[in-house]
Amino acid sequence: MPSLLLGASVFVLLTVALGLFAILRRSADVDRLMAVQLLGTGGVAILLLLAVATETPSVMDVAVMLALFAAFAAVAFVRDASGASSEVRGE
Amino acid sequence: MSLVMDILTICAVSAGALFFLAGTVGLLRFPDTLTRLHALTKVDNLGLGLIVLGLLPQTSSVLFAVKLVFVWLLVQLSGAVVTQLIAGAVRHHGADG
Amino acid sequence: MNAATLFGLCGAALVGIGLYGLITNPEPLRKILAFNLLGSGVFLLFGIIARRAAAAGLGGDPVPQAMVITAIVVAFAATAMAIALVQRLGDETGQASISSDSSETGEEKS
Amino acid sequence: MSIASVFDVALVALILTIGASAILVRTAFAAVVMFVVYGLLLSMAWVRLHAVDVALTEAAIGGGMTGLLLLGAVARSRSVNVDSVRVGYPLRLAAGALCALVAAGLAVAIFYPPAPVPTLAPMVMENLPPSGLGNPVAGVLFVFRALDTLLEKVVLLLALLGVWSLAPDHAWGGTPGLQVYARPDPTLIFLAQLLPPVGIVFGIYMCWVGAKDPGGAFQGGTVLAAMWLLVIVAGLQKAPAIGRLWLRVLLVTGPVLFLAIGLAGWVFADAFLAYPAGYAKPLIVAVEAALTLSIAVALGMLAAGPPVRAQQQ
């Protein structure tokens, strides 16, 4: 079973790599935002598979970290890509 | 019993991996930003969900399993909101490409 | 070739890539980014040292690992400082690139 | 070739591709997106290298926090004119050759490691039990090399002082110029209300579990900082003015407690930063808890940048 789960993690990694390539060859900033989201989800899936395959529960904490910070980064990216930011500069 | 569990794992993980592939094909083939975003959400919801479902029978302790479900819920919620935000940005900015 | 060597080569290549970006990119922001990339390559090299020294039932030597954790945090602090400096420079001069003599660099390719 | 090594090869190829495009891509915004993706990928590499503590730190700081920091700078530098002077072709070629040489030199060093690989792991494991800790990395950070960790906190504070002192004179003591959403939509507000409770629990968990398993004050503190920044960016709360007393108290609490326990080591144990026998673990956990808060505030304020506006009374 561990080798099957490892195989699945390789497969997911390859699809994520292909997806990243698909996203990043577009030139629009909004498209690029999806890269972080894709890696957030794909990375979590890969890490969970690795955690169970290698029986290291602590790897799951890395998955949580990845999920939290992918969301955090995405919020910051959307702020700047959509021009919705406001300058805190009231001089 | 463990055979049944293993079969469940194999089925669910493969199905999940397949959704990752489908999402990627969508990202490669769909014509505009919003439809590509749609493909991405399928990866979020079904791909990861099925993989977590498949991993549950293989966990060694209940705490491990609860954590798995927690991770999935977290990604579900944040993923849904972030894709909403991106879609909002597309509408604001105009979809291109 | 084992995993440690493979990631070691990755670290070496990242140092090269980061250094290239540091030299060739005129924008200070991009230089800071490249420097971070270079730094993470060095951290990865440390990770290889740790991984190769696996002993006593551990997956790696904890001493270099602890040093890398410290280094990542300090690198973040240094990045914050560098960005604040660049921004103040931009506010003062209205220029967002480091070139002591812009007429000369402008000749090469503009 | 085993499945694990296929994974490693694919991961390394992806890291190098993303890393190179972070350098070569045209716009600064795209470069920062690449850099965040790169940081998240790198944390997977650390997992493969059996360094889960480092993976946690890299995902948090390399992926999220540095990304926010760089992004804020990109957004603010858009108003400044960026002259698009590009370095000439011959120079780029020379730089490429030099960098390839450096990388090749490092690669040679990788292939010829010292014959008996030096390791401190057995010594760490031998001396870990008296401290009561289960995580060897925490042992190194808080017992064997505690002075380094203490000084690192001081470095964080010094860096923050440096960032603050770059503010124009009239803004001293004012609020940092973190970019925020002008009109946050309901979805964002929902996220900013939902994620922080989860993140705070996870941050405390990180700090608590750090004594036994991978995790610790750095990782926990970074999560707390990110949640705080998320609330500020979403416009639910304002960034605090840097002159606030509570802010400054929180900033120094961790280092001061660490220092106090270190000085007490002279009296109750034999040396500076030595823990009296039997009390090591509770003392370390107390220091870690205080440090987590201080690190959270320090990292948050570092990411928020220098003050730009005088405090309104």
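Colleague: Which residues does Leu9(C) touch, not counting residues up to four places away in sequence?

Modeller: Leu9(C) touches Ala107(D) and Ile110(D). Two residues are in contact if their C-beta atoms, placed from the backbone, lie within 7 Å. Before we go on: this is a predicted model, where local features need pLDDT of at least 70, side-chain atom pairs count only at pLDDT 80 or more, and totals for chains, interfaces and linings use all residues. Residues are numbered from 1 along each chain as its sequence is written, while chains are lettered from A and ligands numbered from 1 in the order in which they are written.

Colleague: Why is Leu9(C) called buried?

Modeller: Leu9(C) has 20 C-beta neighbours inside 10 Å. A residue is buried if 20 or more other C-beta atoms lie within 10 Å of its own, exposed if 12 or fewer, and partly exposed in between, with C-beta atoms placed from the backbone. Leu9(C) therefore counts as buried. Leu9(C) is in helix α1 of chain C. Helices (H or I, at least four residues) and strands (E, at least two) are DSSP runs, numbered from the N terminus. The C-alpha atom of Leu9(C) is 9.5 Å from that of Gly41(C), 32 residues apart along the chain.

Colleague: How many residues of chain C are in contact with chain D?

Modeller: 75 residues of chain C meet 81 residues of chain D. On the chain C side, the elements giving two or more residues are α1 (3–24), α2 (28–52), α3 (62–93) and α4 (102–108), and α3(C) gives the largest share, 23 residues. By class, that side has 45 nonpolar, 22 polar and 8 charged residues. Ala, Val, Leu, Ile, Met, Phe, Trp, Tyr, Cys and Pro count as nonpolar, Asp, Glu, Lys and Arg as charged, and the others, Gly among them, as polar.

Colleague: What makes α2(C) and α3(C) roughly antiparallel?

Modeller: Their angle is about 175°, with the axes 10 Å apart. Axes are lines fitted to C-alpha atoms, for helices over the stretch in contact, and angles run from 0 to 180 degrees between N-to-C directions. Under 35 degrees is roughly parallel, over 145 roughly antiparallel, 65 to 115 roughly perpendicular, and the rest oblique. So α2(C) and α3(C) come out as roughly antiparallel. The residues in this contact include Phe43(C) and Phe46(C) of α2(C), and Ile72(C) and Ile83(C) of α3(C). The contact has 16 nonpolar, 5 polar and no charged residues.

Colleague: What is the phi of Glu55(A), which is not a glycine?

Modeller: Glu55(A) has a positive phi of about 55°. Most residues other than glycine have a negative phi. Glu55(A) lies in the loop between α2 (29–53) and α3 (58–81) of chain A.

Colleague: Is Glu55(A) buried or exposed?

Modeller: Exposed: Glu55(A) has 12 C-beta neighbours inside 10 Å, and 12 or fewer is what that label asks for.

Colleague: And what makes His50(D) buried?

Modeller: His50(D) has 20 other C-beta atoms within 10 Å, so the buried label applies. His50(D) also has a positive phi, about 60°, and is found in the loop between α2 (28–48) and α3 (52–77) of chain D.

Colleague: Which helices and strands are in chain A?

Modeller: Chain A has 3 helices and 1 strand, in the pattern α-α-α-β along the sequence. Of the 91 residues in chain A, 74% are buried.
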